[in-house]
Amino acid sequence: MELLQLHYFRKVAELEHMTKAARELRIAQPALSKTIARLEADLGVPLFDRQGRNIRLNSFGKAYLKKVETALMTLEDGRREVKDLAGMERGRIILATTSHKCFSDIIGSFISSNPDVKLQIIQASEKEKVQQLQSGDIDFCITFPPIKQTGIEGISFLTEKILLAVPHTHRFAKRSSIDLSEVADDPFIFIKQGNPFRDMTDEFCRKAGFTPNIVCEVDEHSAIIHFLRTGIGVAFLPETLMENTDISFHSMEIHRPVCQRTYQIAWLKNRYMSKVARKFRDFVVQSFNELPQRQN
């Protein structure tokens with residue numbers, strides 16, 4: 001059994017398609033097929049069910065894949081640890097986040113004070129972040145709500161208020177705070193379903209005892225701000241977004257129910273964490289701990 005066989009098997013198992021896997025691995029399909037066949041012969045069982053040109057990972061393959069992923073990640077961690085100990089680690093961090101807008105200042109400060117560190121930021125959904133952590137494709141993710149899955153650890157570093165934003169012409173435009181139930185009959189501008197912010201704000205309305213009258217659904221907060229300016233409805237917006245926004249609407253705190261969200265920086269528990277990765281994690285947590293006005 002060779003290490004290359006394991007890498008090839010993992011890719012075929014991921015795609016369940018020999019041609020696509022060969023293309024991504026940049027090898028000829030017949031060579032890939034022979035490699036998988038040799039691996040199955042060595043194990044003494046088929047790892048895939050084959051029906052014509054289609055292949056599906058079977059129960060043997062699924063069980064073996066778990067061990068292969070663990071083994072490959074352990075070997076990669078060993079390589080990183082040795083390079084780290086030898087002083088060869090130049091500093092590379094891969095961070096996944098749904099949106100980096102409210103963290104850009106902190107990330108920029110870290111990069112400025114650590115110019116030798118290569119920090120790669122990718123955007124991903126909450127589901128993709130978990131998958132990328134588990135596969136070892138990323139070092140950290142910033143997420144809300146905090147991930148609660150076995151094998152993933154995290155530190156909560158920022159709790160921010162979720163505000164209610166209204167047009168300047170709204171009847172409550174001079175208020176500093178509100179009970180959410182007071183706008184139960186108002187038209188709402190919402191983030192589309194499938195976004196964790198939408199799930200959270202749906203829950204806020206449920207706790208306030210009403211189902212929101214949604215007149216507009218959008219993909220991101222910048223679109224919410226655009227429609228707020230038109231005066232078609234009210235909306236939920238995160239506190240941190242207010243700091244860098246040209247306010248052309250009014251926002252107020254929500255007294256009841258408690259409307260806030262907590263961010264977490266998360267990582268895979270048993271994966272080796274390099275010195276520079278630990279430095280980045282501690283920098284993020286410390287930076288936000290120095291902002292007590294945001295804590296609730």
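Reader: Is C205 buried or exposed?

Author: Start with the general idea: a residue is called buried under 20% relative accessible area, exposed over 50%, and partly exposed in between, using a 1.4 Å probe and protein chains only. C205 has a relative accessible area of 0%, so it is buried. This is a predicted model, in which local features need pLDDT of at least 70, side-chain atom pairs count only at pLDDT 80 or more, and totals for chains, interfaces and linings use all residues. Residues are numbered from 1 along each chain as its sequence is written, and side-chain values use heavy atoms, with hydrogens and water left out.

Reader: How many disulfides does the rule count?

Author: A disulfide is a pair of cysteine sulfur atoms within 2.5 Å. By that rule the count here is zero. For C205, the nearest cysteine sulfur belongs to C259 and is 8.1 Å away. For C216, the nearest cysteine sulfur is that of C205, 15 Å away. C216 is buried too, with a relative accessible area of 12%.

Reader: What is a nonpolar core?

Author: A nonpolar core is a set of buried Ala, Val, Leu, Ile, Met, Phe, Trp, Tyr and Cys residues joined through side-chain atoms within 4.5 Å. In soluble globular proteins, nonpolar side chains tend to be buried together. The largest core in this structure has 56 residues, and those touching the most other members are F140, F157, L164, L180, F236 and F280. Strand β6, residues 152-166, gives seven residues to this core, the most of any element.

Reader: Where is F140 found?

Author: F140 is in strand β5, residues 140-143. With a relative accessible area of 0%, F140 is buried. Contact means heavy atoms within 4.5 Å.

Author: Start with the general idea: a residue is called buried under 20% relative accessible area, exposed over 50%, and partly exposed in between, using a 1.4 Å probe and protein chains only. C205 has a relative accessible area of 0%, so it is buried. This is a predicted model, in which local features need pLDDT of at least 70, side-chain atom pairs count only at pLDDT 80 or more, and totals for chains, interfaces and linings use all residues. Residues are numbered from 1 along each chain as its sequence is written, and side-chain values use heavy atoms, with hydrogens and water left out.

Reader: How many disulfides does the rule count?

Author: A disulfide is a pair of cysteine sulfur atoms within 2.5 Å. By that rule the count here is zero. For C205, the nearest cysteine sulfur belongs to C259 and is 8.1 Å away. For C216, the nearest cysteine sulfur is that of C205, 15 Å away. C216 is buried, with a relative accessible area of 12%.

Reader: What is a nonpolar core?

Author: A nonpolar core is a set of buried Ala, Val, Leu, Ile, Met, Phe, Trp, Tyr and Cys residues joined through side-chain atoms within 4.5 Å. In soluble globular proteins, nonpolar side chains tend to be buried together. The largest core in this structure has 56 residues, and those touching the most other members are F140, F157, L164, L180, F236 and F280. Strand β6, residues 152-166, gives the most to this core, with seven residues.

Reader: Where is F140 found?

Author: F140 is in strand β5, residues 140-143. With a relative accessible area of 0%, F140 is buried. To read its surroundings, take contact to mean heavy atoms within 4.5 Å. Leaving aside residues up to four places away in sequence, F140 touches I93, L133, W267, F280 and R281, among others.

Reader: How many aromatic pairs are there in the whole structure?

Author: Rings of Phe, Tyr and Trp (its six-membered ring) pair if their centres lie within 6.5 Å; planes under 30 degrees apart count as stacked, over 60 as edge-to-face and the rest as tilted. The search finds 14 pairs. One of them joins F9 and Y64, whose ring centres are 5.5 Å apart with planes at 50°, so this pair is tilted. F9 lies in helix α1 (residues 3-15) and Y64 in helix α4 (residues 59-85), 55 residues apart. F188 and F236 form a stacked pair, 5.7 Å centre to centre and 25° between the planes. Ring pairs also link F110, F140, W267, F280 and F283 into a cluster.

Reader: Which residue lies over the face of W267?

Author: A charge sits over a ring if NZ of Lys or CZ of Arg is within 6 Å of the ring centre and within 35 degrees of the ring normal. R281 lies over the face of W267, 5.0 Å from the ring centre. Likewise, R175 lies over the face of F172, at 4.7 Å.

How values were computed
Helices (H or I, at least four residues) and strands (E, at least two) are DSSP runs, numbered from the N terminus.
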